[in-house]
Amino acid sequence: MKLSYIEQGQGPAVILMHGMFGSLSNLGNLARDLIGQYRVISVDLRNHGDSPHEDAMSIPLMADDIVELMDDLGLAQSHLVGHSLGGKLGMHVALHHPDRVSSLLVADIAPVNYPQSNNNVVEALSILDTQAIASRRDADQAISALIADKVTRGFILKNLQRDNDGGFSLKLNVKSIVANYSNSLVDAPSGEPFSGPTLFIKGETSAYIQEKHRPLIAQLFPASEVQVILGAGHWLHAEKPEEFNRLVIEFLSAHQ
């Protein structure tokens with residue numbers, strides 16, 4: 001699949017991969033801090049943003065999309081930076097195509113199969129996908145009973161786009177996400193251990209990376225380390241952007 005992407009800057013290549021329900025703008029703050037020294041490729045994952053919609057959606061397929069993008073851009077290697085679902089894709093690429101990965105940075109996700117969560121978000125997206133929305137305020141009110149947190153609602157509503165008739169629709173392929181969310185998208189990435197430099201960044205208050213996950217992380221990524229951002233949750237790149245960006249830049253600089 002030919003993914004939508006934005007390319008900025010010059011230097012060693014860095015591919016930025018957002019999480020579920022997001023788009024390439026989610027890591028825009030990091031991209032702006034990197035473009036002075038790196039060739040930054042920010043991507044919309046399959047069924048997200050401006051990338052094509054397809055019924056099929058799984059970790060291996062989406063990881064293959066990243067490798068295809070690298071082929072199209074003539075990149076023999078790239079640093080990979082991924083948050084949440086994007087981190088899973090980065091892990092899968094590294095475990096299956098280690099020669100293509102200069103280094104791997106994974107933000108707040110582990111190589112494990114997670115129980116289905118965020119059901120309220122999926123339900124909210126289903127409402128927005130089928131309901132006539134006249135304004136962003138209408139959309140916010142429509143999902144407020146399902147998503148109490150204003151910040152999370154704002155994140156979801158970034159997927160709204162204005163139609164030619166003045167209404168709104170979602171850039172997300174909600175049908176495919178709903179169909180695949182509870183099975184293939186919660187799967188753990190697997191493959192042969194990746195011996196290249198790897199950094200996992202955990203949000204202190206997030207439960208996505210736990211102590212019980214560390215032996216598996218060490219097994220699959222023997223050259224890895226784990227850093228913790230205090231006071232941050234799962235959206236660590238948005239909650240603590242300066243510290244998150246600093247850790248990313250220090251890691252990339254050490255492994256050019």
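**Strands, helices and spaces**

Strand β2, helix α1 (residues 28-34) and strand β3 form a right-handed β-α-β unit. A crossover is called right-handed if, with the strands pointing away from the viewer, the path from the first strand over the helix to the second runs clockwise. Helices (H or I, at least four residues) and strands (E, at least two) are DSSP runs, numbered from the N terminus. The model is predicted: local features need pLDDT of at least 70, side-chain atom pairs count only at pLDDT 80 or more, and totals for chains, interfaces and linings use all residues. Residues are numbered from 1 along each chain as its sequence is written, and side-chain values use heavy atoms, with hydrogens and water left out.

Strand β3 (residues 39-43) is mostly covered, as four of its five residues are buried. Buried means under 20% relative accessible area, exposed over 50%, and partly exposed in between (1.4 Å probe, protein chains only).

In the loop between β3 and α2 (59-72) sits Asn-47. Its phi is near 65 degrees, a positive value in a residue other than glycine. Most residues other than glycine have a negative phi. Asn-47 also counts as buried, at 0% relative accessibility. Ser-84, in the loop between β4 (78-83) and α3, likewise has a positive phi, of about 55 degrees, although it is not a glycine. At 11% relative accessibility, Ser-84 counts as buried.

Helix α3 (85-96) comes next. This helix has 12 residues and reaches 17 Å from its first C-alpha to its last, close to the 16 Å expected at 1.5 Å a residue; the expected span is 1.5 Å times one less than the number of residues. Of the 12 residues of α3, 11 are buried, so the helix is largely enclosed by the rest of the structure. Among them are Leu-85, Lys-88, Met-91 and His-92.

Where is Ala-139 found? Ala-139 belongs to helix α5 (residues 136-143) and is buried, with a relative accessible area of 0%. Ala-139 and Ile-127 are 12 residues apart in sequence and 9.2 Å apart in space, C-alpha to C-alpha.

Another parallel pair is formed by strand β8 (residues 198-203) and strand β9 (residues 224-229), over six bridges. Thr-198 stands opposite Ser-224 in β9. The chain crosses from β8 through helix α8 (residues 214-220) to β9, and this β-α-β crossover is right-handed.

Helix α10 (residues 241-254) has 14 residues and reaches 20 Å from its first C-alpha to its last, close to the 20 Å expected at 1.5 Å a residue. Its buried residues are Phe-244, Asn-245, Leu-247, Val-248, Phe-251 and Leu-252. Seen down the axis of α10, they fall within an arc of 160 degrees, so they line one face of the helix; the arc is that of the directions from the helix axis to the C-beta atoms. On the other side of α10, Glu-242 and Ala-254 are exposed.

On a 1 Å grid over the protein atoms alone, a cavity is a set of points where a 1.4 Å probe fits but cannot get out, and a pocket is an open set with protein on both sides within 12 Å along at least five of seven lines; lining residues have an atom within 4 Å of a point. Grid points are joined across faces, edges and corners, and a volume is the space filled by probe spheres set on the points.

The largest pocket has a volume of about 360 Å³. Of the 23 residues that line this pocket, the closest to its centre are Met-20, Ser-84, Asn-118, Tyr-181 and Tyr-208. Helix α6 (150-157) and α3 each supply at least two residues of the lining, and α6 gives the most, with three. A search of the whole structure finds one cavity of 30 Å³ or more. The largest cavity has a volume of about 50 Å³, and its lining includes Met-20, His-83, Phe-155 and Trp-235.

Note on methods. Two strands pair if DSSP finds at least two bridges between them.
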